[in-house]
Amino acid sequence: MKIRVMTIKDYDGIFALWINTPGMGLNTTDDSRECIEKYINRNPTSSFVAEDNGKIVGVIMSGHDGRRGFIHHTAVFPEYRNQGIAKMLVDNAMTALEKEGINKVALVAFEKNELGNVFWEKMGFIKREDLIYRNKNIHELKRIDT
């Protein structure tokens, strides 16, 4: 198992993982090759993939705005779960963000994602009851069902 920095060359492998992970919340704009490439270019050292014999089996996207870090689209293929891969991905992302001077990291997980929420609790991410998450699409986004 190898953990390494994600590049745009990994897109097909990470998209195959995402599309096969129920409840990822993907859309054709934000999760397109072009948008992921913009994200990687803006955050070149903080997103990671896990590889097994050249196959991408895990991914975490993380980056920051100069003040706060964010984690997005973390996933591991089911047959590779419970081996510590997701924890290694999170640890790599947190270390990379810390090296860039980031002291706090946020993420959004769907409430119905029980498996994911249990994992994030184990990783020390607390549920905030004092916030209301809001967003507004600038353009209409087409969901990709997973």
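Trainee: What percentage of the 146 residues in the chain is buried?

Mentor: Keep in mind that this is a predicted model, where local features need pLDDT of at least 70, side-chain atom pairs count only at pLDDT 80 or more, and totals for chains, interfaces and linings use all residues. Residues are numbered from 1 along each chain as its sequence is written, and side-chain values use heavy atoms, with hydrogens and water left out. Buried means under 20% relative accessible area, exposed over 50% and partly exposed in between, using a 1.4 Å probe and protein chains only. Of the 146 residues, the buried share is 36%.

Trainee: In what order do the elements run from the N terminus on?

Mentor: Helices (H or I, at least four residues) and strands (E, at least two) are DSSP runs, numbered from the N terminus. The chain has four helices and seven strands. Their order is β-α-β-α-β-β-β-α-β-α-β.

Trainee: What radius of gyration does the chain have, next to that of a compact globule?

Mentor: The radius is taken over C-alpha atoms, and the globule rule is 2.2 Å times the number of residues to the power 0.38. For 146 residues, that puts a compact globule near 15 Å. The chain agrees with this, at 15 Å.

Trainee: Why do the buried residues of α2 line one face of the helix?

Mentor: Helix α2 covers residues 33–42, and its buried residues are Ile 36, Tyr 39 and Ile 40. Seen down the axis of α2, they line one face because the directions from the axis to their C-beta atoms fall within an arc of 95°. In general, an α-helix has 3.6 residues a turn, so residues three or four places apart point the same way. For α2, then, the value to remember is an arc of 95°.

Trainee: Which residues does Ala 106 touch, not counting residues up to four places away in sequence?

Mentor: Ala 106 sits in strand β6 (residues 105–107) and counts as partly exposed because its relative accessibility is 27%. Its C-alpha atom is 6.1 Å from that of Gly 69, 37 residues apart along the chain. With residues up to four places away left out, Ala 106 touches Arg 68, Gly 69, Phe 70 and Ile 71.

Methods:
Contact means heavy atoms within 4.5 Å.
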